[in-house]
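Here's a quick briefing to read alongside the structure.

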Amino acid sequence: MIQKPSGRSHIEREELKLNLTPYIDFLVTLIVFLIATIVVAPAAILDINLPSASAPVVTPEQQQEQKPSITLTVAIQHTGFTIGGSGAVLPEIPLKNGGYDYEALSQKLLEIKKVYPDTTDVILLSEPDIKYDILIHVMDTVREATVTENGQKKAVALFPDISIGEVVK
Amino acid sequence: MHKRTREKKHTAISLNLTPMIDMFTILVVFLLKSYSATGYVGNVAKNLRLPTSTSRLQPQAVLTVAVTTKYILVEGKEVEAINQSDMTSQNLMLTDLSASLKKEADKGLQIEKLSNGANPFKGEMMIQADRSIPFRLLEKIMYTAGQAGYNTINLEVLQKTS
């Protein structure tokens, strides 16, 4: 038979206990706060090059030494995208279902990348009232393309050095 | 019988919390460490919706210029209200923004001077712009920043969750 503990010793044991509840509350709150701030802000940045005030001076000798490369431009217009390079202009990629056809642009740029694998820079031209969201989307499309290879999606770098400017009419 | 259940209840209340607190403390220390290590805490103004992008470049703690649909803010302080004439005029300079950026650039140059080049002024800044602003406004801000000595400009975006 177990004897009932005496009342006195019971009180003594009670006194030794530390009340940890507020501390645990605080820790839980802090952990939740820290985890929330880390997960919720997945910010990233896009690098851009400012169009320089003066055009880079390239002497004819330098031009001959260079590997086949082009000065690629992608213009965002109200009617669609226009890809141009070294004087030549490809036919416009028109709007599709009222929105810009990013997939067609991606396909065209992949073809160009195959011909000029060393070219990494592109000039992005935009009409003055194109929305920022569209501009960022085009920058993404120009930077890299997603290709499906053996059933697996893979990101391929296209032209990551982007300069931006305004469409000159 | 009645006595026994009471005894049981009593032991159930005194839970051994020490391992849990240990774990919590370690977790807090770890989270606090990684918190400060990122160096940049995404602080985006209210009613500013950043565009999403596939970019994975990590933002750095540099001068931030936020552009909402109504105001331009430098380091969280309103410096210029956006009016309709800004959108249409051909003048690329935004005077109030320019003054504010010049002040920030001067501060950066002063720090460079006082630290004997240990903290050089790199002219880096980051633009947090609302996804609905027109290209014309972005162009103006970039032009103004370039004139004030900020030549390395990054655009802040939200990572697209694929």
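Let's start with the second largest pocket, which has a volume of about 480 Å³. Bear in mind that this is a predicted model. Closest to the pocket's centre, out of 15 lining residues, are A:Asp140, A:Glu144, A:Ala145, A:Thr146 and B:Thr54.

**Pocket lining**

- Three elements of chain A give two or more residues each to the lining of this second largest pocket: helix H4 (102-115), helix H5 (132-143) and strand S7 (144-149).
- H4(A) supplies the largest share of that lining, with 4 residues.
- Sorted by class, the lining of the second largest pocket comes out as 7 polar, 5 charged and 3 nonpolar residues.

**Nonpolar cores**

- As a rule, nonpolar side chains in soluble globular proteins tend to be buried together.
- Here, the largest nonpolar core holds 55 residues, and A:Leu109, A:Leu124, B:Val67, B:Ile127 and B:Leu138 have the most contacts inside it.
- Take A:Leu124: once you set aside its neighbours within four places in sequence, A:Leu124 still touches A:Val74, A:Ile76, A:Leu135, A:Val138, A:Met139, A:Val142, A:Ile162, A:Ser163, A:Ile164 and A:Gly165.

**Chain B layout**

- Chain B has 5 helices and 6 strands, and along the sequence they run α-α-β-β-β-β-α-α-β-α-β.
- Of the 162 residues in chain B, 36% count as buried.
- If you look at chain B contacts between residues at least 6 apart in sequence, 68% of them join residues at least 24 apart.

- What is the phi of A:Asn97, which is not a glycine? The value is positive, at about 55°.
- You'll find A:Asn97 in the loop between strand S5 (93-94) and H4 of chain A.
- A:Asn97 counts as exposed because its relative accessibility is 79%, and the cut-off for exposed is over 50%.
- B:Glu75 is another residue other than glycine with a positive phi, in this case near 50°.
- In chain B, the loop between strand S3 (71-74) and strand S4 (77-81) is where B:Glu75 sits.
- With a relative accessible area of 45%, B:Glu75 is partly exposed.

Key: Residues are numbered from 1 along each chain as its sequence is written. Chains are lettered from A and ligands numbered from 1 in the order in which they are written. This is a predicted model: local features need pLDDT of at least 70, side-chain atom pairs count only at pLDDT 80 or more; totals for chains, interfaces and linings use all residues. Side-chain values use heavy atoms; hydrogens and water are left out. On a 1 Å grid over the protein atoms alone, a cavity is a set of points where a 1.4 Å probe fits but cannot get out, and a pocket is an open set with protein on both sides within 12 Å along at least five of seven lines; lining residues have an atom within 4 Å of a point. Grid points are joined across faces, edges and corners, and a volume is the space filled by probe spheres set on the points. Ala, Val, Leu, Ile, Met, Phe, Trp, Tyr, Cys and Pro count as nonpolar, Asp, Glu, Lys and Arg as charged, and the others, Gly among them, as polar. A nonpolar core is a set of buried Ala, Val, Leu, Ile, Met, Phe, Trp, Tyr and Cys residues joined through side-chain atoms within 4.5 Å. Buried means under 20% relative accessible area, exposed over 50%, partly exposed in between (1.4 Å probe, protein chains only). Contact means heavy atoms within 4.5 Å.
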